[in-house]
Amino acid sequence: MTATVQPLPDEPLAIRLLNTTWSGDTGEVDLLDERADLARWLASVDVAARATEEMRVALRAARSVIAAYAADPDETAARQALNALLEQGAITRTLGAGGEVVRSVTVDESRLPGWMAADDLLDIITNRPGRIRQCAHPRCVLWFLDTSRNASRRWCSMAGCGNRAKAQQHYRRHRHSNT
Ligand SMILES: [Zn+2]
C-alpha cells in the first residue's frame, strides 16, 4: 500500500487536522484510520509524540470539535466543546536565563496533537478572524485559511478545484451558445 499524501500541506495545523479526511477517487479517505496512519501524519506535521491508539481516538475527537467550530463559529455548543478541548492542556510561560520567554505546555501525551491543533485554531481566530473556509467546489470537502488580501479565495487550489470549476463554467457556456 502506498502512503496517501495529505492535500494542502502548507495550511496551519488546525486546518491540516480538518483535512485528514476527504473523498478521493476511490471513496472516503481518512488519514487517522489506523495507528500507522497516525504515526505518518504526526511526522508530516512535525509533532513529536508517540502514536498510540488512545491518541488516535483523542485526535479524531479533536478533529470533530474543530470541524464543528469551522462549520458554525457562532454556535455555543461548538465553542464549549472547543473550550473543553483546550482545557486538556495548560501553557506556562517562564523567563529563561538568556532573557528569552520559554513557553511550555502541560498536557497528557495522548492528547497533545489534538490540543496543539485547538491551540493553533485560537491563533488563527486571533490573527485571521473569519478566514477559515471550505472549498467552494461542491464535491470537495477540503478546508483552507484564506490569506488573500481581499478575502476572496474560493478554492482549495486553483490548479485543482479552481480549474475544474472554470472548465465546467466554460462547458456550460459553450453548450448554451449552441442551443
Ligand atoms: Zn477543492
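Arg93 stands opposite Arg103 in strand E4. The model is a predicted one, in which local features need pLDDT of at least 70 and side-chain atom pairs count only at pLDDT 80 or more, while totals for chains, interfaces and linings use all residues. Residues are numbered from 1 along each chain as its sequence is written, and side-chain values use heavy atoms, with hydrogens and water left out.

Strands E3 (residues 89–95) and E4 (residues 101–107) run antiparallel and are joined by 7 bridges. Strands (E, at least two residues) and helices (H or I, at least four) are DSSP runs, numbered from the N terminus. Two strands are taken to pair if DSSP finds at least two bridges between them. E3 and E4 form a hairpin, with 5 residues between them. Gly99 lies in the turn and has a positive phi of about 85°.

A second hairpin is formed by E1 and E2, with 2 residues between them. Strand E1 (residues 21–24) pairs with E2 in the antiparallel sense, over 4 bridges. Thr21 has Asp30 as its bridge partner in E2.

Asp30 is buried, at a relative accessible area of 15%. Here buried means under 20% relative accessible area, exposed means over 50%, and partly exposed is in between (1.4 Å probe, protein chains only). A polar atom of the Asp30 side chain lies 2.8 Å from the backbone nitrogen of Leu32. The side chains of Asp30 and Arg60 are joined by a polar contact of 3.2 Å. A polar contact is a pair of N or O atoms within 3.5 Å; within protein, one must be able to donate a hydrogen and the other to accept it, and residues adjacent in sequence count only if both atoms are side-chain atoms.

Arg60 and Asp30 also meet in a salt bridge through their side chains (3.2 Å, N to O). This pair links distant parts of the chain, with Arg60 in helix H3 (residues 53–71) and Asp30 in strand E2 (residues 27–30), 30 residues apart. Arg60 is partly exposed, with a relative accessible area of 28%. A salt bridge is defined as a side-chain nitrogen of Lys or Arg within 4 Å of a carboxyl oxygen of Asp or Glu. By this rule the structure has 9 salt bridges. A network of salt bridges links Asp30, Asp33, Arg60 and Arg63.

Helix H3 holds a further pair. Arg56 forms a salt bridge with Glu53, and their closest N and O atoms are 2.9 Å apart. Both residues lie in H3, 3 residues apart, about one turn of the helix. Arg56 is buried, with 12% relative accessible area. Glu53 is partly exposed, at 37%.

Another salt bridge brings together the side chains of Arg133 and Asp146 (3.0 Å, N to O). Arg133 lies in strand E5 and Asp146 in the loop between E6 and H6, so the pair ties together parts that are 13 residues apart in sequence. Arg133 is partly exposed, with a relative accessible area of 22%. Asp146 is buried, at 0%.

The zinc ion has four cysteine donors. Cys135 (SG), Cys140 (SG), Cys156 (SG) and Cys161 (SG) lie 2.3 to 2.4 Å from the ion. Donors are N, O and S atoms within 2.8 Å of the metal (3.2 Å for Na, K and Ca); water is not among the atoms, so sites may look incomplete. The 4 donor atoms subtend angles of 106 to 116° around the zinc ion, which makes the arrangement tetrahedral. Four donors count as tetrahedral if all angles lie between 85 and 135 degrees. Along the chain, the donors follow the spacing C-x4-C-x15-C-x4-C. Cys140 lies in the loop between strand E5 (132–134) and strand E6 (143–145), and Cys161 in helix H6 (residues 158–177), so the pair ties together parts that are 21 residues apart in sequence.

Cys140 and Cys161 are buried. Cys135 is buried, with a relative accessible area of 6%. Cys156 is buried too, at 7%. A search of the whole structure finds 0 disulfides, a disulfide being a pair of cysteine sulfur atoms within 2.5 Å.

How values were computed: Tetrahedral: all angles 85-135°; square planar, octahedral: opposite > 155°, others 65-115°.
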